[in-house]
Amino acid sequence: MRNFLMSAMALTAVLVIPGVASADDVADRNQAISLCRAEVQAQAGADATVRLDQVRVRPRAVRVELDLWRDGQLQNVRCDVSRGRDQLTIASISPALQTASLTR
């Protein structure tokens with residue numbers, strides 16, 4: 001009976017601890033998507049459409065890949081976000097985006 005109790009407690013600990021750690025991953029993932037989407041939209045201009053393609057969460061970074069539709073053209077954009085202690089910051093966006101300029 002004692003072995004059963006110890007096994008049950010160990011199994012519970014193994015199942016609960018990864019769930020706690022992944023809660024930060026989900027929050028960071030969602031925040032990274034919002035940061036990248038807003039920055040790409042701001043750099044691309046109001047006429048562009050930005051859609052999420054995929055996200056990869058790593059211990060020190062989140063990589064967000066977005067599809068940017070502008071003037072009927074698709075461009076794949078990669079946004080790397082660093083995971084600091086207190087906040088997330090955009091480390092890089094590639095390729096570099098330029099807002100379309102009007103010439104008169």
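Reader: In the hairpin of E2 and E3, which residue takes a positive phi?

Author: In this predicted model, that residue is Asp-71, with a phi near 55°. The hairpin has 2 residues between its strands.

Reader: What makes E2 and strand E3 a pair?

Author: The requirement is at least two bridges between two strands. E2 and strand E3 (residues 73-83) have 10 bridges in the antiparallel sense, so they pair. Within this pairing, Ala-61 stands opposite Ser-82 in E3.

Reader: Why is strand E2 described as largely enclosed by the rest of the structure?

Author: The description follows from its residues: 7 of the 10 residues of strand E2 (residues 61-70) are buried, so the strand is largely enclosed by the rest of the structure. For the protein chain, 23% of the 104 residues count as buried.

Reader: Which elements does the protein chain have, and in what order do they run?

Author: The chain has 1 helix and 4 strands. Starting at the N terminus, the order is α-β-β-β-β.

Reader: Why are the side chains of Arg-83 and Asp-25 said to meet in a salt bridge?

Author: A nitrogen of the Arg side chain must lie within 4 Å of a carboxyl oxygen of the Asp. Asp-25, Asp-28 and Arg-83 are linked in a network of salt bridges.

Reader: What makes Asp-80 and Arg-63 a salt bridge?

Author: Their N to O distance is 2.7 Å, which is within the limit of 4 Å. The pair links distant parts of the chain: Asp-80 belongs to strand E3 and Arg-63 to strand E2, 17 residues apart. Asp-80 has a relative accessible area of 17%, so it is buried.

Reader: How do you know that Arg-56 forms a salt bridge with Glu-65?

Author: The closest N and O atoms of Arg-56 and Glu-65 are 3.3 Å apart, again within 4 Å. Glu-65, at 14% relative accessibility, counts as buried, whereas Arg-56, at 32%, is partly exposed. The structure holds 5 salt bridges.

Reader: Which residues does Asn-76 touch, not counting residues up to four places away in sequence?

Author: Asn-76, found in strand E3, touches Leu-66, Asp-67, Ser-94 and Pro-95. Contact means heavy atoms within 4.5 Å. The 8.2 Å between Asn-76 and Pro-95 is a distance from C-alpha to C-alpha. Asn-76 and Pro-95 are 19 residues apart in sequence.

Note on methods: Residues numbered from 1 in each chain as written. Predicted model: local features only at pLDDT ≥ 70, side-chain atom pairs only at ≥ 80, totals over all residues. Heavy atoms only, no water. Buried < 20%, exposed > 50% of the residue type's maximum accessible area, 1.4 Å probe, protein only.
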